[in-house]
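Please read the notes below alongside the sequence and the model.

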Amino acid sequence: MHWLEKNWYRISAPHLILWPLSLAFGAAAAVRRSLYRAGMLNTLRLPVPVIIVGNITVGGTGKTPLVCWLAQFLRERGHMPGIISRGYGANTCAPRQVLPDSDPATAGDEPLLLARRGGCPVWVGTQRSAAANALLAAYPDCSVILNDDGLQHYALARDFEIAMIDGKRGFGNGMLLPAGPLREPPRRLKRTDAIVTNGAALFPHEELPPTVLIFEMRLIGSVFYNLLNPDQQVGSEHFLERQVHAVAGIGNPQRFFEHLRDLGISFTAHPFPDHHPFTAADLTFPGGSDAILMTEKDAVKCERFGNENFWVLRVNAEVEPGLGELVLRKLKNLPTEMP
C-alpha cells in the first residue's frame with residue numbers, strides 16, 4: 001500500500017498496468033452511484049438532518065479537525081449534534097458508542113479523538129445508518145448528525161455535503177484507485193454543497209467546479225501537552241537544542257512535519273502508514289531521545305505505553321466564517337418535520 005501511495009502523486013511506468021484497474025474501479029463506482037440515485041438500492045432518510053464531511057481522495061485531508069470545529073460551531077448556536085463514523089481500525093462491526101476512555105482498538109483512533117474533542121455523542125459502525133439510529137435512540141435530543149468520512153456512503157441520505165481537499169496535494173495524479181488516490185472523479189464535487197481546502201489550494205483552480213462555494217481551512221496550534229500529564233504544557237522553545245523525534249501515522253505525515261518546522265523545531269521525522277497501530281518498539285530509536293512529538297490522533301494509541309518524553313501537538317481548525325453561515329442557512333430552510 002505504501003508503494004502505491006508514493007505513485008499516486010506522479011505518473012510512472014506502473015500506471016500502464018494499474019490504469020485498466022482504475023477504469024474498472026471507476027465503472028463499478030459509477031454503477032453503484034447510479035443504482036442509489038435510481039432508487040434501486042435503498043437509502044435511509046433519518047428524522048434529523050445529516051451533514052456529510054468527506055473527500056474524493058484516499059488519505060488524510062483534515063476531516064477530523066473540521067468535524068470537531070463544526071460540532072462546536074453548531075453547539076454554540078443551539079443545536080445538539082451527534083457524530084457517526086465507520087471507525088476505521090476498530091475491531092467491531094456492530095454500532096457502538098465511543099466514549100473518551102474507550103479502547104482505540106475497538107473504537108478506532110479518529111472516533112476516539114472526536115469523542116474527546118467534539119463535545120457530543122459519537123457512535124461507530126460499519127453501516128453508518130445503523131450507527132445513526134443507535135445514536136438517536138440513545139440521545140433523542142440530538143438535532144443533527146455529522147457523518148465523518150461519509151461522502152461515498154450513499155445508503156444514508158444527506159442534507160448537506162462538505163468535500164475536503166488537501167490544498168497542496170489536490171487530486172494527485174488525477175487517476176482513480178488503484179493508479180491514483182481518487183475514490184471518485186473530480187466532477188463528483190459539482191454535486192456537493194461546499195468544498196473546504198486544507199490550506200491554500202496550490203493545485204490548478206480550474207479543477208474545482210465554479211458553481212460550488214469553496215472555503216479555506218487552516219490547522220493552528222503551537223502548544224504541546226505531555227502524554228502522561230496533559231496539564232503539563234510547553235511551547236516549541238522547550239525542544240530547542242534537544243534530541244527530538246517526530247512520528248506521524250496519519251494520511252499526510254508531511255503536513256505534521258511541516259507544521260513542526262514552521263514552529264522552529266529541529267527533529268528526525270518518522271512517517272508511518274495511516275492508522276498505524278503503534279507499539280513501544282515503534283518509538284524506540286537508536287541513541288535514545290529527549291522528546292518524541294506526535295499528533296493527537298496517534299497519541300490515543302500510545303497512551304498505554306507512553307512515558308514522560310512523549311509530547312502531543314494540539315491543533316484546531318480555523319475555517320472561513322462563510323461555511324458555518326452556509327450550514328445554518330441550509331438547516332433553517334429544511335422542513336421542520338423530517339420523514
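**Salt bridges and a helix contact**

1. The structure holds 18 salt bridges, a salt bridge being a side-chain nitrogen of Lys or Arg within 4 Å of a carboxyl oxygen of Asp or Glu. This is a predicted model, in which local features need pLDDT of at least 70 and side-chain atom pairs count only at pLDDT 80 or more, while totals for chains, interfaces and linings use all residues. Residues are numbered from 1 along each chain as its sequence is written, and side-chain values use heavy atoms, with hydrogens and water left out.

2. Glu161 pairs with Arg188 in a salt bridge whose closest N and O atoms are 2.8 Å apart. Glu161 lies in strand 6 (residues 160-166) and Arg188 in the loop between strand 6 and strand 7 (194-198), so the pair ties together parts that are 27 residues apart in sequence; strands are DSSP runs of E, at least two residues, and helices runs of H or I, at least four, numbered from the N terminus. Glu161 is buried at 6% relative accessible area, and Arg188 is buried at 5% (buried means under 20%, exposed over 50%, partly exposed in between, with a 1.4 Å probe and protein chains only).

3. Glu318 forms a salt bridge with Arg218, with closest N and O atoms 2.5 Å apart. Glu318 is partly exposed at 36%, as is Arg218 at 41%.

4. In helix 3 (residues 63-76), Thr64, Val67 and Cys68 meet Glu110, Leu113, Leu114 and Arg117 in helix 5, contact meaning heavy atoms within 4.5 Å.
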